[in-house]
Amino acid sequence: MAWTRFGKKKDMPGGLWIKCESCGGMLFRKEFEQKHRVCGSCGYHFTLPGRERIALTADPGSFEEMFQPLMPVDRLGFNDKVPYDQKLKLTQEKTGETDALIAGTATIKGIPCMLAVMNFQFLGGSMGMVVGEKVARAAEHAAARKLPLILFACSGGARMHEGAVSLMQMAKTCGALALMHRAGGFSISVMTHPTTGGVTASFASVCDLLLAEPGALIGFAGPRVIATTIKKELPKGFQRSEFLLEKGQIDRIVQRAQMRDELARFLAYGTGRDPVAAFKPAPQATHEPIEVPPAPVEEKPKRGKKSKKE
Amino acid sequence: MSEAAPRSPVPDALAFERPLLELEQKIKELRSLASGTHLELAEEITSLEDRLRRQTAEVYSQLSPWERVNVARHAERPLTSDYVQMMLDDFVELHGDRVFGDDRAILTGLATMGSQRFLLVGHRKGKTVKDRLACNFGCAHPEGYRKALQKMRLAEKLKLPIVTFINTPGAYPGIGAEERGQAAAIARNIMEMFEIKVPIVCIVIGEGGSGGALGIGVGDRIGVLENAYYSVISPEGCAAILWKNGDKAPEAAEALKLTGKDLLRLGLIDKVIDEPLGGAHRDARGTVDRVKAQIVEWLTELGQVPVEQLLEQRYVKFRGMGVPLGA
Ligand SMILES: [Zn+2]
């Protein structure tokens with residue numbers, strides 16, 4: 001259920017080159033970022049920070065953040081090695097965010113919607129009271145204003161440091177989505193790498209449409225827990241988007257590069273607009289071509305830093 | 001996880017029970033001695049019984065959260081099947097999710113208890129080794145949650161309230177469970193339980209293991225037995241992740257604030273239901289009677305509430321759990 005250690009090693013150092021987690025290829029940072037963190041050779045979709053997701057999804061300048069003053073509280077006085085309230089402060093300073101979800105109104109290719117995006121950089125995108133409250137408010141706001149709701153999930157699950165309070169956020173968010181369904185509101189969940197535990201087992205799975213980015217790990221229990229329980233090796237591709245599609249669990253897999261157009265198309269279907277016009281790729285600001293130097297054989301660890309071994 | 005220690009009759013996690021069990025044993029011996037001979041032992045027995053009562057009360061009032069977790073898992077603790085047997089005047093089991101199978105880890109059926117009729121939904125752990133295996137030790141698969149939902153919709157149609165008994169270490173983590181949408185099944189139950197137009201009473205009778213518990217845990221009244229727990233993750237799992245050491249489960253249990261008392265203070269449940277002296281495993285009858293009285297009280301109360309108000313209150317209840325700063 002709970003937030004584990006996905007992605008700890010994915011924090012990218014400031015170097016020119018990045019090693020692909022999937023194929024091991026060396027990616028030129030500038031090009032990699034222009035491709036919104038998708039590997040140019042194998043197509044692996046890296047976890048996208050919340051603000052980058054919003055920039056990639058919403059029309060420029062259209063996103064208006066809401067519920068920003070909401071702050072997490074350490075109701076339990078939780079202390080593993082670092083007290084939770086200290087951990088929060090440190091993470092807030094490091095990320096510049098108050099918690100693991102950013103919500104607000106936006107337009108996507110001119111179509112107004114409510115957008116809620118999880119931020120994996122904040123304690124593994126774990127769901128505590130702030131994430132729960134923001135999802136609930138976003139659903140309530142969307143229902144009241146008759147706005148379609150798009151939720152981008154990216155989470156290791158519930159936030160253990162908030163104990164059963166975090167567990168109950170599953171109920172809070174599902175209750176709000178029930179309210180939205182009853183009001184006839186239209187909701188889209190996009191599951192990105194990784195979406196597990198209490199987030200998959202709550203709001204991310206009860207929207208009208210369930211989309212996923214390619215290769216995303218999506219499931220209830222973590223693969224390690226399952227492997228330990230059944231004492232067997234897991235099948236290849238288990239709990240990945242393609243597996244879920246094959247098992248009938250999701251509606252579609254959407255490439256990151258097409259996400260904005262696809263979302264606009266769905267929003268058009270959901271709001272009585274023209275899907276053909278909405279889907280047509282908007283004229284892109286042309287990027288200056290990037291000159292990619294020859295890739296180094298292996299990324300050299302920086303001086304003074306320990307090399308990180310997988 | 002540590003290597004299995006040599007088996008002793010009382011597991012280490014229940015070490016606090018040893019002096020009580022010794023006293024109980026001594027009283028038993030004295031009693032049989034008294035009945036077999038003409039020795040006058042009544043006075044001694046009474047004094048030992050007094051001591052046992054006092055000591056039990058003392059031990060049980062000072063249990064650590066981890067010790068309570070182990071009482072919640074006690075092999076002799078009354079299970080859903082015991083409540084069915086001891087509490088109900090009629091019970092008709094209903095099987096299957098109508099899609100895939102009949103998950104033995106969740107029991108559903110129509111129940112009569114005095115003048116009350118309701119749908120009973122409960123995790124089932126099993127009594128014998130064979131039973132326990134068939135029930136996956138109370139860890140349900142998606143079809144279990146779907147079965148529960150399908151029967152809850154039936155209850156709604158028949159205007160029967162719903163009583164759920166929560167007692168699971170967690171939803172089953174396995175290949176089939178994931179293939180058949182464990183997360184989605186739990187999520188759907190949680191969402192739809194907000195919409196079911198009959199009163200719902202949930203009682204955590206043992207283990208309230210995370211999403212697998214909440215999957216039948218959205219209701220108008222939530223009760224937790226004194227030595228039951230309800231948690232976002234098992235203490236062992238939490239210790240393995242945050243302490244990087246499964247042996248730190250006692251510390252994790254403490255930190256997670258998973259006992260009834262804590263949950264009540266956090267505003268997540270309505271009531272801690274007292275257990276008989278020395279825990280539910282010492283007195284199944286007494287435990288069942290207390291739970292029964294609580295169910296009657298709540299169902300009577302909720303029966304008076306108009307449906308619209310009921311659903312509104314149910315939403316407000318969960319909506320108010322975990323209020324952030326600045327809300
Ligand atoms: Zn690659």
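Q: How many residues of domain 1 of chain B are in contact with residues of domain 2 of chain B?
A: Two residues are in contact if their C-beta atoms, placed from the backbone, lie within 7 Å, and domain bounds come from an automatic or database domain assignment. In this structure, six residues of domain 1 of chain B meet four residues of domain 2 of chain B. Before we go on, note that this is a predicted model, in which local features need pLDDT of at least 70 and side-chain atom pairs count only at pLDDT 80 or more, while totals for chains, interfaces and linings use all residues. Residues are numbered from 1 along each chain as its sequence is written, and chains are lettered from A and ligands numbered from 1 in the order in which they are written.

Q: Which domains does chain A have, and how many residues join them?
A: Chain A is divided into domain 1 (14-44) and domain 2 (47-279), with 24 Å between the C-alpha centres of these domains of chain A. Five residues from domain 1 of chain A and five residues from domain 2 of chain A make the contact. To sort such residues, Ala, Val, Leu, Ile, Met, Phe, Trp, Tyr, Cys and Pro count as nonpolar, Asp, Glu, Lys and Arg as charged, and the others, Gly among them, as polar. By these classes, the side of domain 1 of chain A that touches domain 2 of chain A has two nonpolar, two polar and one charged residues.

Q: How many residues does each chain give to the contact between chain A and chain B?
A: Chain B gives 47 residues and chain A gives 54 residues. On the side of chain B that touches chain A, helix 8 of chain B supplies the largest share, eight residues, and the residues of that side divide into 32 nonpolar, nine polar and six charged.

Q: Why is chain B said to be as compact as a globular protein of its length?
A: The radius of gyration is taken over C-alpha atoms, and the globule rule is 2.2 Å times the number of residues to the power 0.38. Chain B has 14 helices and eight strands. Its radius of gyration is 21 Å, close to the 20 Å that the rule gives for 327 residues, so chain B is as compact as a globular protein of that length. Chain A, with 10 helices and 10 strands, has a radius of gyration of 19 Å, which agrees with the value near 19 Å for a compact globule of 310 residues.

Q: What share of each chain counts as buried?
A: A residue is buried if 20 or more other C-beta atoms lie within 10 Å of its own, exposed if 12 or fewer, and partly exposed in between, with C-beta atoms placed from the backbone. Of the 327 residues of chain B, 47% are buried, and in chain A buried residues make up 50% of the 310 residues.

Q: Which residues of the largest nonpolar core touch the most other members?
A: A nonpolar core is a set of buried Ala, Val, Leu, Ile, Met, Phe, Trp, Tyr and Cys residues joined through C-beta atoms within 7 Å. The largest core has 165 residues, of which Leu115(A), Ala139(A), Leu151(A) and Cys174(A) touch the most other members. Helix 5 (residues 163-182) of chain A gives this core its largest share, 12 residues. Leaving aside residues up to four places away in sequence, Cys174(A) touches residues including Phe203(A) and Val206(A), together with Ala187(B) and Ile190(B).

Q: How do we read the length and covering of helix 4 of chain A?
A: The expected span of a helix is 1.5 Å times one less than its number of residues. Helix 4 (residues 129-145) of chain A has 17 residues and reaches 24 Å from its first C-alpha to its last, close to the expected 24 Å. This helix of chain A is mostly covered, with 13 of its 17 residues buried, and just after it Lys146(A) takes a positive phi of about 55°.

Definitions and conventions: Helix = DSSP H or I, 4+ residues; strand = E, 2+ residues; numbered from the N terminus.
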